[in-house]
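The stops below go from one selection to the next.

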Amino acid sequence: MIDSLNGEVISIGLDHAVIECAGVGYRFLASPPTLAALTRGEQRRVLTSMVVKDDGVTLYGFADDDAREMFHRMQSVTGLGPKLALAALSVFSPAELATHIAEQNAKRIQTIPGVGKKMADRIVLELKDKVATLAAPEQEAPAPAATTSFATEQVVEALVGLGFPERSARPVVDAIAAEQPDAASSALLRAALTQLGKK
């Protein structure tokens, strides 16, 4: 099992990145907040989780232990797979998600793309007693700010990848970016998902 990667970031895509370790490039899927923290050409260490299925092996990457732990706990929910677990971490930080689950706030959990009322209720029921250690009261440090144009394009592409039509996503992202010109892509993504979830 591949537990982590430590090497040069050679490629960053909409939903994935590639890190080269000892001459081998490892492609992994990751949430926008994790990808936003990477810079092409830099040496970085990323924690990973390898998911083996009948149709192949997929590597998922995480910025820290809390994100990977929440990824694993989310998959323990009946009927919830790795893609939905990653979508949850695209909308909420591990601490935010743990807090919503602990407070049994199913409505907030339903803002995750692909999560309906039944799945949100199931997440609360099966995880409410298992996420206390991840529900941290302290505020997270803000992510490094990206330039507005790059951040908006990255967020629009991420939203399209999550299933939102570009014609719906772009106006929302542009409006939020105009109000918060210094916001990082992860903050823009969360704000956009919140607004799109209300429509």
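Start by selecting Asp3, Asp65 and Arg68, which are linked in a network of salt bridges. A salt bridge here is a side-chain nitrogen of Lys or Arg within 4 Å of a carboxyl oxygen of Asp or Glu. By this rule the count comes to 6 salt bridges.

Before going on, two notes on the model. It is predicted, so local features need pLDDT of at least 70 and side-chain atom pairs count only at pLDDT 80 or more, while totals for chains, interfaces and linings use all residues. Residues are numbered from 1 along each chain as its sequence is written, and side-chain values use heavy atoms, with hydrogens and water left out.

**Stop 1: Arg68**

Keep Arg68 selected and colour helix α2, where Arg68 has its place. Helices (H or I, at least four residues) and strands (E, at least two) are DSSP runs, numbered from the N terminus. Between the side chains of Asp65 and Arg68 the salt bridge is 3.6 Å, N to O. Asp65 and Arg68 are separated by about one helical turn because they are 3 residues apart in helix α2 (residues 65-75).

Is Arg68 buried or exposed? Its relative accessible area is 12%, so Arg68 is buried. The cut-offs are under 20% relative accessible area for buried, over 50% for exposed and partly exposed in between, with a 1.4 Å probe and protein chains only.

Now show what surrounds Arg68. Leaving aside neighbours within four places in sequence, Arg68 is in contact with Asp3, Leu47, Thr48, Ser49 and Phe62. Contact means heavy atoms within 4.5 Å.

**Stop 2**

Lys117 is exposed, at 54% relative accessible area, whereas Asp121 is partly exposed at 32%.

Next, select Glu166 and Arg170, a salt bridge whose closest N and O atoms are 2.9 Å apart. Glu166 and Arg170 lie 4 residues apart in helix α8 (residues 166-179), so about one helical turn separates them. Arg170 is partly exposed, with a relative accessible area of 24%, and Glu166 is partly exposed at 42%.

**Stop 2: the annotated spans**

In residues 72-91 the end C-alpha atoms lie 16 Å apart, and the span is 70% helix and 0% strand. In residues 107-126 the end C-alpha atoms lie 16 Å apart, and the span is 65% helix and 0% strand.

**Stop 3**

Centre the view on Ile112. Apart from neighbours within four places in sequence, Ile112 is in contact with Ala87, Ala88, Val91, Phe92 and Leu97.

**Stop 4**

Select Asp15, Lys83, Leu86, Gly161 and Leu162, which lie nearest the centre of the second largest pocket among its 17 lining residues. About 350 Å³ of space lies in this pocket. α3 gives the most to the lining, with 5 residues, and α3 and α7 (148-161) each supply at least two residues.

On a 1 Å grid over the protein atoms alone, a pocket is an open set of points where a 1.4 Å probe fits, with protein on both sides within 12 Å along at least five of seven lines; lining residues have an atom within 4 Å of a point. Grid points are joined across faces, edges and corners, and a volume is the space filled by probe spheres set on the points.

**Stop 5: two loop residues**

Finish with Ala22, in the loop between β2 (16-21) and β3 (24-29). Ala22 has a positive phi of about 50° although it is not a glycine, and at 85% relative accessibility Ala22 counts as exposed. Then select Gln104, in the loop between α4 (94-102) and α5 (106-109). Gln104 has a positive phi of about 55° and is not a glycine.
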